[in-house]
Amino acid sequence: FEFKGEKALEQGLYMLILENKTFLDFPITEDQDFAMLTDSAFLVMNLKIKGSKENAAFSDFQKNMTYSQKVSAGLRQRLTANKNNPDSLKIINDKLQAMKKDLDKFNAKIIKENPNTFTAKFIKATQEIEVPNPPKDAKGNIKDSLFQYLYYKNHYFDNIDFTDERLMRMPFLQMKIDNFFNKVVIQIPDSILKEIDALILRAGNNLKMRRFLTAGLLNFYEKNKYMGMENVVVGIADAYYFSGKASWADTTFLRKLKDRVDKMRPNLMGKVGPDLQRLETNTGEWASLSMLNTDAIVLVFWEPNCNHCQKVIPKLHQLYSKYKDKSLSVFAFYTQSDTLEWKRFIEQHDLTDWVNVYDRHNFTNFRNLYDVFTTPTIYILDKKRSIIARKIDVEAIDKFLTHYFDELKKNDLR
């Protein structure tokens, strides 16, 4: 078949997929006038290139990689079969190491013979960095136990040229970025934001790559389920979108993002939770969140007609009974207005030892202050009302409180 057009294709890695679901990767670069000849029975190993030195080099890389993977798979099967034979294991491992050296040498040759091409940058990007041994003192003791981790983190992206937008169009770049932020970076918002800034800086003046990284990371953390990642979303929005650096973002997107961030900003982890004042209780009194002075406060927004609440609230009460003697209180905020059903549920489930409140006229603006658009929504605050857990699942509260009160006890002992 022939594929042609008047407009050049965007450069990067493309995939040819046949009806039998076999596929072939190949680069599209500046010179887009070339031919490929192969056999559908074995696309990669039978491939021949006409009219493109770079595609020929990429094909050589693929063939060698495919062959090496096949031989390595056989050797690894032999490792499993000979797991109780030390001599055989050594011989097989030596063969695997020799194969890796040969593969690295072959790839280095392609990179040297095709400098600054997409193929050379692609091959280099697939290579893991080599982490040196940690420095030792005169007695042979490791000086810094974090040396190898920090080296790996700081050099993780060294083999990727982020100024070359063609690398956006290869399958594993996003996976490599996701792996870095999921498994390499310490899961603390400040640490994450520092690494995001460093990564975007690698794109230099390439606007398309900066957009790819910035928008991708914003989307990644908007979907992230780890507690506290809202701080990262707000940090990215402030640093890049609201500052005017994200020139690609239109006014509609910026308005929607601002609406979302404005709901996150008052209730971010580490911030003092907004006070909820002069609320009516189920017993006809008045209460405010700031009245509570226990070491931990569970702030839960709920309603009795919510199916999920009907399961969560009794579980939460069991946890309260377990920890209340350790200075825990519950500020239970009813989000609706039918007080008859609310009071009935409180009595039926013996929730009378909580501070049960509701906002008859919605004077507190609680939905925006605490981003309450589903129920139940649960926060945990410390004695100073700083938010230490945000939208936490009831299943995670037991472990969280155990750790929290243990840490308080340790600090008291000190």
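This note walks through the predicted model, from its overall build to its aromatic rings and the charges over them.

1. A word on ground rules. This is a predicted model, where local features need pLDDT of at least 70, side-chain atom pairs count only at pLDDT 80 or more, and totals for chains, interfaces and linings use all residues. Residues are numbered from 1 along each chain as its sequence is written, and side-chain values use heavy atoms, with hydrogens and water left out.

2. Overall build. The protein has 13 helices and eleven strands; these are DSSP runs numbered from the N terminus, with helices being H or I of at least four residues and strands E of at least two. Its radius of gyration is 29 Å, whereas a compact globule of 414 residues would come near 22 Å (taken over C-alpha atoms; the globule rule is 2.2 Å times the number of residues to the power 0.38). Along the principal axes, the C-alpha atoms fill a box of roughly 85 × 65 × 45 Å.

3. Of the 414 residues, 42% count as buried, meaning under 20% relative accessible area with a 1.4 Å probe and protein chains only. Among contacts with a separation of 6 or more, 60% come from residues 24 or more positions apart (contact means heavy atoms within 4.5 Å).

4. The whole structure holds 29 aromatic pairs; rings of Phe, Tyr and Trp (its six-membered ring) pair if their centres lie within 6.5 Å, and planes under 30 degrees apart count as stacked, over 60 as edge-to-face and the rest as tilted.

5. The neighbour in the sequence. Phe 405 also pairs with Tyr 404, this time edge-to-face, at 5.5 Å centre to centre and 65° between the planes. Tyr 404 counts as buried because its relative accessibility is 15%, and Phe 405 does so at 8%. Tyr 323 is buried too.

6. A ring cluster and two charges. Ring pairs join Tyr 152, Tyr 156, Phe 157, Phe 162, Phe 180, Phe 181, Phe 220 and Tyr 221 into a cluster. Over the ring of Tyr 156 sits the charged end of Lys 176, 4.3 Å from the centre (NZ of Lys or CZ of Arg within 6 Å of the ring centre and within 35 degrees of the ring normal). Elsewhere, Arg 278 lies over the face of Trp 286, 4.7 Å from the ring centre.

Technical notes. Buried means under 20% relative accessible area, exposed over 50%, partly exposed in between (1.4 Å probe, protein chains only).
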